[in-house]
Structure formats: C-alpha cells, structure tokens
Amino acid sequence: MFEQIKHNMETISGIEIYPIISLLIFFLFFVGLGFWVFSYKKDKIREMSEIPLDEGLSLTSKE
C-alpha cells in the first residue's frame, strides 16, 4: 500500500517543499511559544497560580 502512495507522491511536481514548510511551521510555533513563556511577567504568573487557592474570594456568596 505504501508503494502506491509513494508512487503518487513522486509524480507530483513540487511536493518536496511541503515537509520543509510543515517542519518550519512546527519549529517556529514552539520557538515562539518558548519565547512567550520565558518573557511572561512573573507577577502575572504568581497571581494566576494563586487563583485555585482563593476559595471563592472573587465570587461573593449569597448567604
């Protein structure tokens, strides 16, 4: 079965660029994500990490 697919892929001109483009998109996405994570403000991370421990302080109870 793979040989049929391989034969079809070999007959398409210019198809060799698609794996390169997909690898480049994958690489750039994770480099951008890593840059975003390391440049995020530490105060905002600390504030977001304390959200589960607030015990509903942001939600006022109706009692």
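Here is a quick tour, from the overall fold to a few side chains.

This is a predicted model, where local features need pLDDT of at least 70, side-chain atom pairs count only at pLDDT 80 or more, and totals for chains, interfaces and linings use all residues. Residues are numbered from 1 along each chain as its sequence is written, and side-chain values use heavy atoms, leaving out hydrogens and water.

**Overall fold**
- The protein has three helices and zero strands (DSSP runs numbered from the N terminus: helices are H or I with at least four residues, strands are E with at least two).
- Of its 63 residues, 0% count as buried (buried is under 20% relative accessible area, exposed over 50%, partly exposed in between, with a 1.4 Å probe and protein chains only).

**The annotated span**
- An unreviewed UniProt entry labels residues 17-38 "transmembrane region"; such annotations may be inferred rather than shown by experiment.
- That span is 100% helix, and its end C-alpha atoms sit 32 Å apart.
- Leu23 belongs to helix H2 (residues 17-39) and counts as exposed because its relative accessibility is 57%.

- Arg46 pairs with Asp43 at 3.2 Å, N to O, and both lie in helix H3 (residues 42-49), three residues apart, about one turn of the helix.
- Lys44 pairs with Glu47 at 4.0 Å, N to O, and these two are also in helix H3, three residues apart.
- Asp43 is exposed at 56% relative accessibility, while Lys44 is partly exposed at 35%.

Terms used:
Salt bridge = Lys/Arg side-chain N within 4 Å of Asp/Glu carboxyl O.
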